[in-house]
Amino acid sequence: HLIAVVSWMAGLLYLPRIFVYHVENVHDQNISMIFKTMEKKLYFYIMMPAMFLTWFFGLILVSILGFEILVTFWMKLKLILVVSLTVFHFYLASCLNNFKLDKNIKTSRFFRIINEVPTILLILTVFIVIFKPL
């Protein structure tokens, strides 16, 4: 589970950064094509499998611990944050599609700002898992 989470988080942190560079180089068709290839491979070959494995092994862990753990406050918070990461993941897919179709209207500043979203969600999730608030 942990290896899948680390891989998924790496992608969630890196893809918006690639978008920043893509926006800043969109005028150069050759460079833009390179970024499109990088984005596609990162999303489909690393991020999607890592997200799937994170959920898969996470659910296995829940079943091992017992499904009654789902009623605990800290686990509910953790699930809310993981679902938020998943929504963010699919939002990045829509951004990826806009770049693919050359229809991106977002700025590099926008992508720099949203690049902080997974960082904040990760920090909150780690604290919740470690301290397990009541």
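Reader: Where do I put K132: buried, partly exposed or exposed?
Author: K132 counts as partly exposed, because its relative accessibility is 41%. Buried means under 20% relative accessible area, exposed means over 50%, and partly exposed is in between, using a 1.4 Å probe and protein chains only.

Reader: Okay, and what am I actually looking at here?
Author: This is a predicted model, where local features need pLDDT of at least 70 and side-chain atom pairs count only at pLDDT 80 or more, while totals for chains, interfaces and linings use all residues. Residues are numbered from 1 along each chain as its sequence is written, and side-chain values use heavy atoms, with hydrogens and water left out.

Reader: Back to K132 then. Which part of the chain is it in?
Author: K132 is in the segment after helix 5. Helices here are DSSP runs of H or I with at least four residues, strands are runs of E with at least two, and both are numbered from the N terminus.

Reader: What's its phi like?
Author: Phi of K132 is near 40°, which is positive in a residue other than glycine. Most residues other than glycine have a negative phi.

Reader: What about phi at D102?
Author: That one is positive too: phi of D102 is near 55°, and D102 is not a glycine. D102 sits in the loop between helix 3 and helix 4.

Reader: Which residues does K36 touch?
Author: Not counting residues up to four places away in sequence, K36 touches H22, F99, K100 and D102. Contact means heavy atoms within 4.5 Å.

Reader: New topic: what's in the largest nonpolar core?
Author: It has 31 residues, and those with the most contacts inside it are W8, L12, L15, F19, M47, L92 and F111. A nonpolar core is a set of buried Ala, Val, Leu, Ile, Met, Phe, Trp, Tyr and Cys residues joined through side-chain atoms within 4.5 Å.

Reader: How do helix 1 and helix 3 sit against each other?
Author: Their axes come within 11 Å and cross at roughly 30°. That makes helix 1 roughly parallel to helix 3. Axes are lines fitted to C-alpha atoms, for helices over the stretch in contact, and angles run from 0 to 180 degrees between N-to-C directions. Under 35 degrees counts as roughly parallel, over 145 as roughly antiparallel, 65 to 115 as roughly perpendicular, and the rest as oblique.

Reader: Which residues meet there?
Author: From helix 1, W8, M9, L12, L15, P16, F19, H22 and V23 meet V82, L85, T86, F88, H89, L92, C95, L96 and F99 of helix 3. They divide into 14 nonpolar, three polar and no charged. Ala, Val, Leu, Ile, Met, Phe, Trp, Tyr, Cys and Pro count as nonpolar, Asp, Glu, Lys and Arg as charged, and the others, Gly among them, as polar.

Reader: How about helix 3 with helix 5?
Author: The axes of helix 3 (residues 73-100) and helix 5 (residues 117-131) come within 9 Å and cross at roughly 160°. That makes helix 3 roughly antiparallel to helix 5. The contact is made by W74, L77, K78, L81, S84, L85 and F88 of helix 3 and V117, P118, L121, L124, T125, I128 and V129 of helix 5. Those residues split into 11 nonpolar, two polar and one charged.

Reader: Is M75 buried or exposed?
Author: M75, in helix 3, counts as buried because its relative accessibility is 5%. Apart from neighbours within four places in sequence, M75 is in contact with V62, I69 and L70.

Reader: Last one: where's L134?
Author: L134 lies in the segment after helix 5, and it counts as exposed because its relative accessible area is 92%. L134 and F73 are 61 residues apart along the chain, with their C-alpha atoms separated by 5.9 Å.
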